[in-house]
Amino acid sequence: MPKSIVLTKIKRLSEQTKIDHWTVKFLGDLERDPTVETEAKVNILLQPFERNTVDSFSNFPDCENSQYRIIKLGLGQLPILNIGSVWYKGRLTATQFGSRANYRIKNSADSGRHFLTAWEKIDRYRYYIPPNHFKIPKSLADAEIVKIDGVDQDGETVELYVPAMVLNRTYICRTSNLTKWLFDGTMIHDMSSLVDLDESKYFQTA
């Protein structure tokens, strides 16, 4: 028999005002939770929208600054918190904002700094991430961003600015258990219960 479909629901996402539709706009930094020592929390920037006003999901909808919400969720939720994902009454849907593009990552060891903050400036007047292009609230100004040099399909060099939590989510934190283990300072979990040691070729020296 086929497995039943489980609809993912996050209670905190269903508690946000009277607006039913939300999208994840940005993943901020971590904060330690004094009440749950084994799991830190990540700051999530949510953007509300009215479904009947959206003609295309290729770009994020317009939003007043006062409508943004920042909530804190346990890192165990990180694998399903994709930027652009659309949530309806706290449930994850199959719809997603944004468009896809393929880039080839350059070997840019000598291209300068790679770790920035969300509001960091190039000079007095210019930001690495222009506020008029992508709004990030002041409370998330210190969130870590990774600058990646890439090449687009036309061979042009581009600079990609990716939240550090997105890289963790995409390449490392593929399961809740692995996510919690990675950020748990005590490192008490058995690695073999989280990682296929044969497939990963992981080994531990004395």
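**View 1. The largest nonpolar core gathers 21 residues.** Within this core of the predicted model, V24, L27, I44 and L81 touch the most other members. A nonpolar core here is a set of buried Ala, Val, Leu, Ile, Met, Phe, Trp, Tyr and Cys residues joined through side-chain atoms within 4.5 Å. Buried means under 20% relative accessible area, exposed means over 50%, and partly exposed lies in between, with a 1.4 Å probe and protein chains only. At least two residues of the core come from each of β1 (21-31), β2, β3, β8 (144-151), β9 (157-163) and α2 (164-172). Helices (H or I, at least four residues) and strands (E, at least two) are DSSP runs, numbered from the N terminus. In soluble globular proteins, nonpolar side chains tend to be buried together.

As for reading all these views, residues are numbered from 1 along each chain as its sequence is written, and side-chain values use heavy atoms, with hydrogens and water left out. Because the model is predicted, local features need pLDDT of at least 70 and side-chain atom pairs count only at pLDDT 80 or more, while totals for chains, interfaces and linings use all residues.

**View 2. I44 and its contacts.** Beyond its neighbours within four places in sequence, I44 is in contact with V24, F26, L27, R69, I70, I71, L73 and L81; contact means heavy atoms within 4.5 Å. A second, separate core of nine residues includes F26, I129, I136 and L140.

**View 3. Five strands form an open sheet.** Follow the order β3-β2-β1-β4-β5, with antiparallel pairing. Strands β3 (69-74) and β5 are the edges, each pairing on one side only. Neighbouring strands are turned by 45° against each other on average, direction ignored; the axes are lines fitted to C-alpha atoms, for helices over the stretch in contact, and angles run from 0 to 180 degrees between N-to-C directions. Two strands pair if DSSP finds at least two bridges between them. Strand β2 (residues 41-49) and β3 pair in the antiparallel sense over six bridges, and K41 stands opposite G74 in β3.

**View 4. The hairpin of β4 and β5 has two residues between its strands.** Three bridges join the antiparallel strands β4 (residues 85-88) and β5 (residues 91-96). Look for W87, which stands opposite L92 in β5. In the loop between the strands sits K89, a residue other than glycine with a positive phi near 50°. Most residues other than glycine have a negative phi. K89 is partly exposed, at a relative accessible area of 43%.

View 5. The structure holds three salt bridges, each a side-chain nitrogen of Lys or Arg within 4 Å of a carboxyl oxygen of Asp or Glu. For K72 and E31, the closest N and O atoms are 3.1 Å apart. K72 is partly exposed at 34% relative accessibility, and E31 is partly exposed at 35%.

**View 6. Salt bridges also join R126 to D123 and D149 to K147.** Between R126 and D123, the closest N and O atoms lie 2.8 Å apart. R126 is partly exposed, with a relative accessible area of 49%, and D123 is partly exposed at 32%. The side chains of D149 and K147 meet at 3.6 Å, N to O. Here D149 is buried, with a relative accessible area of 7%, and K147 is buried with a value of 7%.
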